Amino acid sequence: MTTQQLAENIRRKKSFLCIGLDVDIDKIPPHLLGAEDPIFEFNKAIIDATHDLAVAFKPNTAFYEACGAKGWLSLEKTIHYINHKHPEIFTIADAKRGDIGNTSAMYAKAFLSDLGFDSVTVAPYMGKDSVEPFLAVKHKYTILLALTSNEGASDFQTRTSDGKPLYQQVLETSKTWQNSENLMYVVGATKAEFLVDIRKIVPDSFLLIPGVGAQGGNLADVYKYGVNSNVGLLVNSSRDILYASSGEDFAEKAREKAEILQKQMVTLLQ
């Protein structure tokens with residue numbers, strides 16, 4: 001999928017909603033626990049109920065890895081289901097990888113080639129040789145952690161060196177890497193006031209924005225300061241949608257939550 005196709009899908013659906021499939025086995029509705037693969041059955045129901053409202057799905061791989069081999073199989077079945085049933089959906093492996101070059105090449109193969117995700121999240125701390133193996137995969141995207149919404153983000157990301165905060169140096173330096181046109185960036189919704197400066201550095205890039213909803217980010221502010229000519233935003237919501245109900249109506253209630261966000265997006269996109 002190209003970014004132009006993603007932008008067209010945003011306009012067509014009147015949505016820039018990304019749904020995070022961060023499935024905690026302890027929060028799955030009890031009636032699913034007897035299934036052969038409760039995690040996949042949960043995901044399948046969420047996907048079927050919300051695919052017309054979302055332009056992206058983002059499984060956080062930690063929730064699957066924590067379940068061992070069975071969890072990895074659930075992740076594999078989930079991405080294959082999305083790619084087969086809803087190929088217009090942009091998929092993100094929220095894996096936050098980043099290691100020396102030959103290791104990164106294997107991570108890139110695992111997520112982008114073997115599993116078939118459209119993109120993967122990557123940490124920039126080890127520099128270009130840890131990121132460029134991801135960028136080398138054709139027709140795929142690397143979503144670089146830039147300015148996150150967690151409490152500890154200020155430990156490093158906003159610290160100033162040579163007159164610039166570290167996150168700005170990350171953005172500027174990443175643009176010099178080979179195949180940097182395949183970069184997207186993570187910017188937390190709770191950091192919406194930083195989006196003006198971020199857009200000065202990466203005006204055309206897509207931004208993955210977590211933190212709307214449970215973490216308190218404001219959708220209108222994110223749009224106001226972060227939108228570009230292609231919209232250029234993927235706003236993620238996970239817990240608010242996934243766990244709207246623990247009953248047999250969980251998928252229906254998840255859709256209702258997703259629809260609230262999507263309707264707000266319709267208003268903003270007008």
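Strand E4 and strand E5 (residues 141-147) run parallel and are joined by 4 bridges; strands pair when DSSP finds at least two bridges between them. Strands (E, at least two residues) and helices (H or I, at least four) are DSSP runs, numbered from the N terminus. In this pairing, Val 120 stands opposite Thr 142 of E5. This is a predicted model, where local features need pLDDT of at least 70 and side-chain atom pairs count only at pLDDT 80 or more, while totals for chains, interfaces and linings use all residues. Residues are numbered from 1 along each chain as its sequence is written, and side-chain values use heavy atoms, with hydrogens and water left out.

Now look to E4's other partner, strand E3 (residues 90-97), which pairs with E4 in the parallel sense over 3 bridges. Here Ala 93 stands opposite Val 120. Between E3 and E4 the chain passes through helix H5 (residues 101-114), a right-handed β-α-β crossover: with the strands pointing away from the viewer, the path from the first strand over the helix to the second runs clockwise. E4, helix H6 (residues 128-135) and E5 also make a right-handed β-α-β unit.

Within E4 (residues 119-122), Ser 119 and Thr 121 point one way, Val 120 and Val 122 the other, and all are buried, meaning under 20% relative accessible area with a 1.4 Å probe, protein chains only.

Asn 182 is buried, with a relative accessible area of 13%. Among the residues Asn 182 touches are Tyr 141 and Thr 142, contact being heavy atoms within 4.5 Å.

Note on methods:
Buried < 20%, exposed > 50% of the residue type's maximum accessible area, 1.4 Å probe, protein only. Lists of a residue's contacts leave out its neighbours within four places in sequence.
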